[in-house]
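Colleague: Could you walk me through the side-chain contacts in this one? I'd like the cut-offs spelled out along the way.

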Amino acid sequence: MAATGNAEETQLQEMEEEAGMERERDSDEEEGMGIENSDDEEDDSSEDDKDNEAEIQRLEEQLSINAFDYNCHVDLIKLLRQEGELPPLRKARQKMSELFPLTEEIWLDWLKDEIRLTEEEPNREKVYELFETAVKDYICPEIWLEYAQYSIGGMGLPGGMEKVRSIFERALTAVGLHMTKGATVWEAYREFENAILATVQPPPGSVPTREQQELLNTQLERIHTLFRRQLAIPLMDMEGTYAEYEEWSDQGVSETVSQKYKRALQQMEKSKPYEETLMAAEPPKLAEYQTYIDYEQREGDPARIQIIFERALAENCLVPDMWAKYTKYLDRQLKIKDLVLSSHDRAVRNCPWTMGLWKNYLLALERHGANHHTISDIFEKALNAGFIQAADYVNIWEAYLDYLRRRVNFSKGESTLTLESSRELEELRAAFTRSLDYMKQDVEERFSESGDPSCTIMQVWAKIEALHCKNIQKARELWDSIMTKGNAKFANMWLEYYNLERSYGDALHCRKALHRAVQCTTDYPEHVCEVLLTFERVEGSLEDWDAAVQKTETRLNRVNEQRAKVAEKEAHLVRQEEEKTEQRRRAKADKKNQKKGQKGSRPGEKRKAEDEDNDDEWGEESEQPPKRHRGEGNQGSFRGGGAEEFMETESGLFGRRAPPCRRQEPPGAKRGQQMAPATVRKTQEDNPEQRKDDCSVFISNLAFSMEDPEKRLKELFEPCGPVQSVRPVYAAKGFRGYCYVQFEGKVSVPEALKMDRREVDGRPMFVSPCVDKNKNPDFKVFKYNTNLEKHKIFISGLPFSCTKEQLEELCKDQGTIKDIRLVTNRSGKPKGLAYVEFEDETQASQAVLKLDGTVLQEHTLSVAISNPPRRNAADKPDFSRPMGAMMPRAMVYGSRGKGRTQLSLIPRSLHRQTGSESKAENGTAPKPTGGASEDAGFDAHAKPMSNSDFAKMLLKK
């Protein structure tokens, strides 16, 4: 055995010697190769160094221009770390840390570099300071663990052990509630205490002294306490911690600890789905974090709400809305000064471009009693943050000026102000002057706009001078400046000035302001004139009243003349556009007719009917009556439904009916073959004499897909009264979406009309009375007023999700609301428009002035007095319908007239006698039927007739 061992040792020695010789040969070869390749490597490294130096110089120049370029800071730090130059690297990191909170990766790299380079104990305090800065940026368990680990290295120093325990306790407070990573901090703390326990235990077999036993018991109690504290907190995999405690404790787990553990375990099970969702989601997990935050806020534990906010911000540090929600929660719920102010500071450092965060920061500083110098410094930083809108600078200036105004004690008036208050007042006035200069110079140069078109800063200044300082003359000077900046044409600006004079001035300046307002206002001159007359009615003499009446009448006459000119110009432009449209349509029709004529002239080919013009005019939903064959019915059947063609609706949606024209025949049908009797609908079989229009209502805008409309509508209208019949209107493709409901008595009609615009199958159902247009030609199609409604306002720009309740909440402060109507399209979807009716004109005018330009759900509203346009297109002076859409199919000729056969396709019952006037049953103009030449001359180029012409023809009947 000994010999064998010696042999093995000898063999191992020989193998080691051979390996050593091989390593020497390899090293010699490498050295030889290194001599050959050293020049190439030096050239490559020198080129890389030059490129890095150039890139570093470029990044430094870019940061000198824009210090808030986050990515540029990161790239510069990465390059400097590659170069290994510590002083420039440390300087770059410090500069970035002053502007932005650093991420976990950047901090860990920085800390490790500093720890490696400062191993001597006198420099440990600098590393401690760096750790203190790092833990303030974000809630990061890894940085806290690194901090505690570094502090353990200084245990030998005086107070070293207490410092380690203090750092661990702070770490537990900061990240001990972290559901997934908090357990690592608890375990590290316990391991540290277990290591201390091993040093205080007496040697085996020895009897400890009293002091040693007390020290031992104290250390054991520390570990017991750590276990009990951790088990009372819901953390992932806490079952393992409980099992470890059971194994470690000699006395077992107490009942109190078990109960707390079970409650924490239940809470962990509730939160576990949210944690699993976060682990499965892709960064930045914003929606998942928001759901988790909502859950914790419902639970109501402030510490857990704070930790989930911090976790969300660590991964979404550049989301301003998340910072705004977090700081708002801290301001309203926790209200801890250090925590609130540090969070606001981190918010503006992460998102410096967001004005709202700076504004909230200023308010928080004032709320927690920060000194004036600190608040002023933060405001100056906000001005240099680089906002993206001009209005942001107005808002931040307003917040700072509000703060300065609250510093001044105006309780005894300006004449009795103390020395300190006088100094603060002068500072306030200087700030107002500086703000106006800043908006005029810096903001206008950058954004080409002031951001404050309404001069709100100057308005506030004027009101402060008038109210607190009793300096009405200064307020008037400010308002003169406001009006010279383009605001003299707005009624609301003049009324604001009038209210100021009314409250703090005299009647003379009130009258002067109103006279100037009447002369200059262009948006709502009627309202300004009314205010002037009301003022003179209360304050003025007869001479003042006469002067006001004369001035207002002259001004309103001039305004009406200007509006008439504008309306005439607009009408002229509309007519020009209609003429261009008509010319294009005629050119298109001529081109099609020419092509049809060329195609029909080929031998052996049939001429096809041309329905494209009618299809283009009336759209896809317009249904055409069946083709009329020779000897098939009378003139009434040609109209496709008898009296139904003359029914008009009050809603105006079916006021214009599609002209009767040829329906396409089914495939395989022969010319001249009659349609099957099964296709004849019930509506066409009813006897018109049995119908009673005064007992009927017209239903429209129903869904084409409605199943069994007769039964459905009968059930729907039976609560209004006994239903005699329901007559749905059908086409070849099915139900057309409208019908007639006839009741047994007239008393049911008003009840049925109350169901107008009720939602049926997701669409508003339109209910209107049945009116025969032949007997009632003056019946108005549009039921809403088309004149100026001074007691009603028109609101546009509403969000589609806006409801009547939200609109009522918005408008209720302006007066008594009588009615609210949201405008929808035929499918029931909102159009973002609404009409709000007030009790009188004054309330409506006040609502226009207060609500115009307000923001609702990120939508800017436009509010004006209701003045709807006329809906009757026939009133237009140049209104005309396309000829192709108003003529029957047989009257649309090609380029060769009627064709080779010269056969008239108009039924005999519709031929008019020469020289006799007949009614325009089809909407076509009466014409003589003297011969083929006259027929050929009546083509698409004939002069179109307007609705007014047709109405005159009907009246001649």
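Modeller: Let me start with the ring criterion: rings of Phe, Tyr and Trp (its six-membered ring) pair if their centres lie within 6.5 Å, and planes under 30 degrees apart count as stacked, over 60 as edge-to-face and the rest as tilted. Please keep in mind that this is a predicted model, in which local features need pLDDT of at least 70 and side-chain atom pairs count only at pLDDT 80 or more, while totals for chains, interfaces and linings use all residues. Residues are numbered from 1 along each chain as its sequence is written, and side-chain values use heavy atoms, with hydrogens and water left out.

Colleague: Which residues do ring pairs link into a cluster?

Modeller: The cluster is made of Phe-379, Phe-387, Tyr-393, Trp-397, Tyr-400, Tyr-403, Tyr-438 and Phe-447.

Colleague: And how many aromatic pairs does the count come to?

Modeller: The count comes to 33 aromatic pairs. One of them joins Tyr-393 to Tyr-438 in a tilted arrangement, with 6.0 Å centre to centre and 45 degrees between the planes. This pair links distant parts of the chain, since Tyr-393 belongs to helix 18 (residues 390–407) and Tyr-438 to helix 19 (residues 419–447), 45 residues apart. Helices here (H or I, at least four residues) are DSSP runs, numbered from the N terminus, as are strands (E, at least two).

Colleague: Is Tyr-393 buried or exposed?

Modeller: Tyr-393 is buried, because its relative accessible area is 4%, and buried means under 20%, exposed over 50% and partly exposed in between (1.4 Å probe, protein chains only). Tyr-438 also counts as buried, at 15% relative accessibility.

Colleague: Switching to charges, how many salt bridges does the structure hold?

Modeller: The structure holds 41 salt bridges, each being a side-chain nitrogen of Lys or Arg within 4 Å of a carboxyl oxygen of Asp or Glu. Among them is the bridge between Glu-55 and Arg-58, whose closest N and O atoms are 2.6 Å apart; both residues lie in helix 1, 3 residues apart, which is about one turn of the helix. Glu-55 is partly exposed at 29% relative accessibility, and Arg-58 is partly exposed at 40%.

Colleague: What about Arg-367 and Asp-331?

Modeller: Their side chains meet in a salt bridge at 3.8 Å, N to O. Arg-367 lies in helix 16 (residues 355–367) and Asp-331 in helix 14 (residues 320–334), so the pair ties together parts that are 36 residues apart in sequence. Arg-367 counts as partly exposed at 49% relative accessibility, whereas Asp-331 is buried at 16%.

Colleague: Where do Lys-792 and Glu-789 come in?

Modeller: The side chains of Lys-792 and Glu-789 form a salt bridge too, at 3.3 Å from N to O. Lys-792 is buried, with a relative accessible area of 17%, and Glu-789 counts as buried at 7%.

Colleague: Which residues are linked in a network of salt bridges?

Modeller: Such a network links Arg-81, Arg-93, Asp-113 and Arg-116.

Colleague: One last topic: where is Leu-500 found?

Modeller: Leu-500 sits in helix 22 (residues 491–504), and it is buried, with a relative accessible area of 6%.
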